[in-house]
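Work through the following exercises with the structure open beside the text, and try each task before reading its solution.

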Amino acid sequence: MDGENVKESKASRSVREWMTKGQDVETSKPVLDYKKYVARKWAFILTFAAATFLAVGWGMCVGVTDITVIEAYETLWNHLTGNITHVDWDYTIVEYRLPRVCAGLVAGAGLATAGCVMQSVLKNPLADPYTTGVSSGAGFGATLAITVGASVAGGSLAIITNAFIFSLIPTFVIISVSKLKKASPTVMIMAGIAVMYIFNAMSTVLKLWADPDALSALYRWQVGTLGGIGWDNVQIMFVVTLIGCALSMALSRELNLLSTGDENARALGIDAGKMRIICFLLVALVSAAIVSFTGLIGFVGLVAPHIVRLFIGADNKYLLPASAFFGAALLIISDIIGRTVLSPTVLQVGVITAFLGGPMFLWLIIRKDNSIWG
Amino acid sequence: MNQKAIIAIVLVAILAVAAIAAALMLTGGDKSSDEEKYLATGNLTVLGNADNDNKLTDHDIEIINDIIKAGVWNKKAYPLADANNDGVVNESDISYLKNLMKGKNATPTKMYYYNTWNEIGSVRFPVTGNIGTMYWEQADLAILLGLWDRVKAVGSGSLSEEKNPGWQSLYSYGKGYNAEPEVVAKSYEAAGVTAVIAYIQGDGTAKDIDAYLKGTNSKIDLLCLPTSMNGRVVTAGVLLCCEEQSEKYMKYYDEVMAYVQDKIGNVKDAPSCVTVMMRSTTTTADIRFLNMSTTGESNGLYTYMLQSPSEVYIVEPTNSYATHTDIEWLNSKNPDWIIFCSSGAWTTGNTQEQNMAQFKQECDDIFSSTTAYKNKHIVATANGTMNSFFGCFAYPKLLSYLYDEIEDDYADKMVQAFFDEKFAYYTLDNMPSYQFYSM
């Protein structure tokens, strides 16, 4: 073949020009294009972060007591500097509204991150903490405490402690199944669904013994709520979620490799089986810590990563933090909607996320590339 | 990152969280059992009620005097002697109690009482301003105590014009019983409310509301009353300065229980029965029997029937408000009578004829294989009859079906007395589901 007659691509012309003219690598077009591409991703992440910040501000203003955004942040600042001027505003913002908003922020970020990790690990768009049975295990633990009074802890800690301990059981079941059958991602999801059905059935049996008080409390917990969460609960949620999310982001490269398939991952030095187990443990840790306090809030872990992928793409290095911010904003805004749409009656946040998430997910399924389902 | 290191970090994190949970378990939890010995056991849980009866009287002052003279306060015997809640019983408690006994004319002060959770709550006494009620049960209590004109804010769930005239023009806490604290607090500005009768069941938000009102220095006091029905009536009567009405109610209650004991207390061969909760979903394969529970202990059909000589068949376990079983179990027990409360199956809009038709249909569908059905020994009424303040007035009427010794005239007189004394606004004519239906 005569080299002078070969048609040259744009990219190779740029490289040739650089090589022949001694251009700086940093200013070559492919590199600039790539930098723009990365900058766009960071711009989206910052946009989602800004949306979260605004949602927090809005969350602090929503309520019967009229307080503007500026006044809310001013009250917060006065509280932090020990210069409280309005005692009732201080209590309303700091002790009543802000714990709820922060719970939404932490729970939303944690559930979205957990969902993102699950979807990467299992290469399955339906994967999230709920389809792995984690939430059902937590639900059974709570049901046990509420209806029968059987709990590891006593008093007001009964439900929370039970939910946490029982949410770890499905995780270990799935890990055990994976070891026994050298399970593929599909088998693992099916094991999670099987565990979910078992725990749901056990919860239903327990409800037969429930009195109206217990059934009502159980309903609120199973629907998912940010109400009644105080600063002591938020602290625990925050610490555990931060650990889980930070570790997940540190594993973003490994997650990317896992999502290309087990063979590719092994070829690049990743033990796919072990990595999957680590990810499961992280998801269980984060999900259990959140669900123990909020009850079962659905769709955040499922929908948030999908929405974010439309803007960011599938690179977990950017997808994870963006999903965390988006999930946080989504949950806070859902709670605001629940508190205002039928005011003074409050719709629990789990109802709102189901209303928002269900149609959103249907839309995603319809427009989704079929190759994902292969 | 090294995989072993990551596994190690994750395991440490799990252990750390487990340790936190364990620490919470060890440091949290209920109060020590020693405190339970000093709790109020009667109906009136107001501090100052030294003799633990239903009133604040001179006899309470006498007891406090005796304690002062003795120099020792037996907290177990007289848990309510410390009227001013300062931890000691002395002359200041006597002057404090004397002021409380002035009722509406008392010098403003705090009245302390043991609340729903057996903690000491307080109200700014005397309570003469507007009132809020968080749910229908609390609205019923306000009406019973003659306070409906002062109710300016309501939880609007299950209210009706027949039972709660004018409710729609009142400030609303929302449809459910879990009112938001800010909404409750706003009722001071919006409706001049200074005291709210709280919904106190276990799934309510009363504790959150109480904390919010205290944290914001609200002018509203949340009344978290004792869990027993009579405790609510008597304690609210004193806290809200309407003892006349609460004492009137208790007088009827005592009279009815004395009458029942007198007429049938020694009856041999009392008819047996089962108490059933009928819902629109009830089938022969799934019948719900009323049992004992924290709710059932305080009020309700089952509790009333336990005070009669009848054997009331129940389904184990007995730690639940209701357990489910089927027609085979019912036939195996073969009770003489089936008594059912209809919950959700009879709408308040039904006429008496419609209720009767529905009652007959339910008997045919569910109980036709039973001996009680064949003997026409089935009686029914709405859940609101037997599980509300109307219950004790309706009790003789219910028993009159099972026992010939209970006079029909007396039973009907008691039912009518509930309405004549204005303990409720509705009548059996405009609330026909509250009537009794028999085969």
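**Exercise 1.** How many bridges join strand β1 of chain B to strand β2 of chain B, and do the two strands run parallel or antiparallel?

*Solution.* Bear in mind throughout that this is a predicted model. Begin by locating β1(B) at residues 109-114 and β2(B) at residues 120-125; six bridges join these strands, which run antiparallel. Next, look for a facing pair, and you will find B:Thr109 opposite B:Phe125 in β2(B). Finally, follow the chain from β1(B) to β2(B): the two form a hairpin with five residues between them, and in the turn B:Asn118 has a positive phi of about 55 degrees.

**Exercise 2.** Determine the order of the strands in the open sheet of chain B, and state which strands lie at its edges.

*Solution.* Five strands of chain B make up this open sheet, and reading across it gives the order β5-β4-β3-β6-β7, with parallel pairing. The edge strands, each of which pairs on one side only, are β5 (171-172) and β7 (221-223) of chain B.

**Exercise 3.** Decide whether helix α7 of chain B is largely enclosed by the rest of the structure.

*Solution.* The test for each residue is whether 20 or more other C-beta atoms lie within 10 Å of its own, in which case the residue is buried. Applied to α7(B), residues 229-239, the test finds eleven of the eleven residues buried, so the helix is largely enclosed by the rest of the structure. Among the buried residues are B:Met229, B:Arg232 and B:Leu239. After α7(B) comes B:Cys241, whose phi is positive, near 60 degrees.

**Exercise 4.** Describe how domain 1 and domain 2 of chain B meet.

*Solution.* Chain B is divided into domain 1 (37-101), domain 2 (107-241) and domain 3 (265-438). Between the centres of domain 1 and domain 2 of chain B, taken over C-alpha atoms, the separation is 26 Å. Their contact takes twelve residues from domain 1 of chain B and 16 residues from domain 2 of chain B. On the domain 1 side, the residues divide into seven nonpolar, five polar and no charged.

**Exercise 5.** Is A:Pro321 buried or exposed?

*Solution.* First place A:Pro321 in helix α14 of chain A, residues 316-340. A:Pro321 has 24 other C-beta atoms within 10 Å, and is therefore buried. Leaving aside residues up to four places away in sequence, A:Pro321 touches A:Ile45 and A:Met249.

Terms used. Residues are numbered from 1 along each chain as its sequence is written. Chains are lettered from A and ligands numbered from 1 in the order in which they are written. This is a predicted model: local features need pLDDT of at least 70, side-chain atom pairs count only at pLDDT 80 or more; totals for chains, interfaces and linings use all residues. Two strands pair if DSSP finds at least two bridges between them. Helices (H or I, at least four residues) and strands (E, at least two) are DSSP runs, numbered from the N terminus. Domain bounds come from an automatic or database domain assignment. Two residues are in contact if their C-beta atoms, placed from the backbone, lie within 7 Å. Ala, Val, Leu, Ile, Met, Phe, Trp, Tyr, Cys and Pro count as nonpolar, Asp, Glu, Lys and Arg as charged, and the others, Gly among them, as polar. A residue is buried if 20 or more other C-beta atoms lie within 10 Å of its own, exposed if 12 or fewer, and partly exposed in between; C-beta atoms are placed from the backbone.
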